[in-house]
Amino acid sequence: MNIIIRPERESDYRCVEELTRKAFWNLHVPGCDEHYLAHVMRSHPDFCSDLDFVAEYEGRVIGNIMYTKAHLVNEKGERREILTFGPVSVLPEYQRKGVGSQLIQHTVKLAKAKGFPAIVIFGNPSNYVKHGFRGCKDFRVAVAEDRYPTCMLVLPLQNQPWPDGDWIYQGSEVYNLDKNAAEEFDRNFPPFVKKHMPSQDEFAILCRSVVL
Ligand SMILES: CC(C)(COP(=O)(O)OP(=O)(O)OC[C@H]1O[C@@H](n2cnc3c(N)ncnc32)[C@H](O)[C@@H]1OP(=O)(O)O)[C@@H](O)C(=O)NCCC(=O)NCCS
């Protein structure tokens, strides 16, 4: 597919929120709130506007990726500023055609050039190992002491040895969404049916699983 990857513009906001909603609807839970996350993220201090990109195909925005700043903190209190991405979304009818991969590869290259040491994300490993992400335990990056979620993945960006020590991931607070505000926001969109999907069970298993 011949797509253009370009920075998101203000005029894309609604379209990006709609495609994010379509990509995530009923995927992890009945309904979704990732479109509200995209909406509030843009005005949050942790948001990286210079890594906010859309994929355009034949004049239509069909995909998006957004990044925020996060931190790794070790037992000595040292802090490393890193990146997280998500939501990353592609309109369902354009999925599995390489669009998501292009959005990831384009922005990973930029993040590397900006000198960030790593990207840490929460996602299904099957979507990301092909882009070089590895399980967080390989880098001793945990969410709490000795707790290594299966879905927390790390991509080191620089050709330097990974620093020694036990690191705790501290993500942006923008991900702690106000559920009521998210529901209220969703009323601005055409009604979609909330239903159970097997992908929600897979997500629930993944969210509870850790690497020993
Ligand atoms: C996850 C997501 C962003 C990935 O984007 P995508 O455009 O579907 O991903 P890609 O097409 O780049 O890669 C997916 C698959 O398509 C394959 N593919 C890539 N180019 C292809 C092409 N030209 N033709 C056919 N298949 C292709 C890839 O090999 C990959 O297959 P694999 O998973 O077996 O390795 C997208 O599917 C999405 O929005 N999903 C819903 C929301 C979501 O899950 N977001 C991530 C939360 S963790």
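**Figure 1. Strand β8 and the strands paired with it.** Five bridges connect strand β5 (residues 118-122) with β8, and the two strands run antiparallel; strands here are DSSP runs of E with at least two residues, helices are DSSP runs of H or I with at least four residues, and both are numbered from the N terminus. Two strands count as paired if DSSP finds at least two bridges between them. The model shown in this and the following views is predicted, and local features need pLDDT of at least 70, side-chain atom pairs count only at pLDDT 80 or more, and totals for chains, interfaces and linings use all residues. Residues are numbered from 1 along each chain as its sequence is written.

Figure 2. Strand β8 (residues 152-156) is mostly covered, with five of its five residues buried. A residue is called buried if 20 or more other C-beta atoms lie within 10 Å of its own, exposed if 12 or fewer do, and partly exposed in between, with the C-beta atoms placed from the backbone.

**Figure 3. Helix α1 and the elements that cover it.** After α1 comes asparagine 26, which is found in the loop between α1 and α2. The phi of asparagine 26 is near 65°, a positive value in a residue other than glycine, and with 16 other C-beta atoms within 10 Å this residue is partly exposed.

**Figure 4. The shell of residues around the ligand.** There are 17 residues around the ligand, of which Gln95, Gly98, Gly100, Ser101 and Gly123 come nearest; a residue is near a molecule if its C-beta atom, placed from the backbone, lies within 6 Å of it. Two or more residues of this shell are given by each of the elements α1 (13-24), β4 (79-90) and α3 (99-113). By class, the shell contains six nonpolar, eight polar and three charged residues, where Ala, Val, Leu, Ile, Met, Phe, Trp, Tyr, Cys and Pro count as nonpolar, Asp, Glu, Lys and Arg as charged, and the others, Gly among them, as polar.

Figure 5. Glycine 86 and proline 87 are joined by a cis peptide bond, with omega at about 5°, and proline 87 has its place in strand β4. Arginine 140, in the loop between β6 and β7 (141-142), has a phi near 55°, a positive value in a residue other than glycine. Arginine 140 is partly exposed, with 18 other C-beta atoms within 10 Å.

Figure 6. Alanine 70, which lies in strand β3, counts as buried because it has 20 C-beta neighbours inside 10 Å. Apart from its neighbours within four places in sequence, alanine 70 is in contact with Ile82, Leu83, Thr84, Val120, Tyr169, Gln170, Gly171 and Ser172; two residues are in contact if their C-beta atoms, placed from the backbone, lie within 7 Å. Valine 174 lies in the loop between β9 (167-170) and α5 (179-186) and is partly exposed, with 18 other C-beta atoms within 10 Å. Beyond its neighbours within four places in sequence, valine 174 is in contact with Val40, Met41, His44, Asp46 and Thr68. Valine 174 and alanine 38 are 136 residues apart in sequence, and their C-alpha atoms are 9.7 Å apart in space.
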